[in-house]
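Please consult the sequence and structure shown below. The briefing that follows sets out the overall fold, the model confidence and selected residues.

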Amino acid sequence: MCNATTTMPIYIHHDLLRVQRERLERELSVFKGVTAVRFSYSLKCWMIVTYNPESTNSEKILNQVTFLISNKNCASVSA
């Protein structure tokens, strides 16, 4: 078993409010396989997600982010 992690930047539209960013971080941090979620301090439109590639993959994470944002009527997301 490997303990490697992978980091993925995700672009989140800059119109997303701070409270929405915080909620997105919180909700995504409990997604299976995700080990860390943080928005960039210098570039607020970039969310950095670290995950275990043996437990999940970038497609599943991006789908979850899109789902979470669409349920909050927020702006679009892309990887």
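**Briefing on the predicted chain**

Residues 24 or more positions apart account for 57% of the contacts in the chain with a separation of 6 or more, a contact being heavy atoms within 4.5 Å. This is a predicted model, in which local features need pLDDT of at least 70 and side-chain atom pairs count only at pLDDT 80 or more, while totals for chains, interfaces and linings use all residues. Residues are numbered from 1 along each chain as its sequence is written, and side-chain values use heavy atoms, with hydrogens and water left out.

**Architecture and surface**

- The chain contains 2 helices and 4 strands; helices (H or I, at least four residues) and strands (E, at least two) are DSSP runs, numbered from the N terminus.
- Read from the N terminus, the order of elements is β-α-β-β-α-β.

**Confidence**

- The average pLDDT (the predictor's confidence in each residue, from 0 to 100) of the chain is 86, and 87% of the residues score at least 70.
- Confidence is highest in strand β3 (residues 46–51), with a mean of 96, and lowest in strand β4 (residues 77–78), with a mean of 49.

**V34 in strand β2**

- V34 belongs to strand β2, which covers residues 34–39.
- V34 counts as buried because its relative accessibility is 10%.
- Leaving aside neighbours within four places in sequence, V34 is in contact with L28, S29, V49, T50, Y51 and I61.
- The C-alpha atoms of V34 and V49 are 7.1 Å apart, with the two residues 15 positions from each other along the chain.

- N52 is located in the loop between β3 and α2 (58–70).
- A polar atom of the N52 side chain lies 2.7 Å from the backbone nitrogen of E54.
- Not counting residues up to four places away in sequence, N52 touches A4, G33 and T35.

**R18 in helix α1**

- R18 is placed in helix α1, residues 18–29.
- R18 is exposed because its relative accessible area is 64%.
- The C-alpha atoms of R18 and K44 are separated by 9.4 Å, and the two residues are 26 residues apart along the chain.

Key
Polar contact = N/O pair within 3.5 Å; in protein donor to acceptor, adjacent residues only side chain to side chain. Buried < 20%, exposed > 50% of the residue type's maximum accessible area, 1.4 Å probe, protein only.
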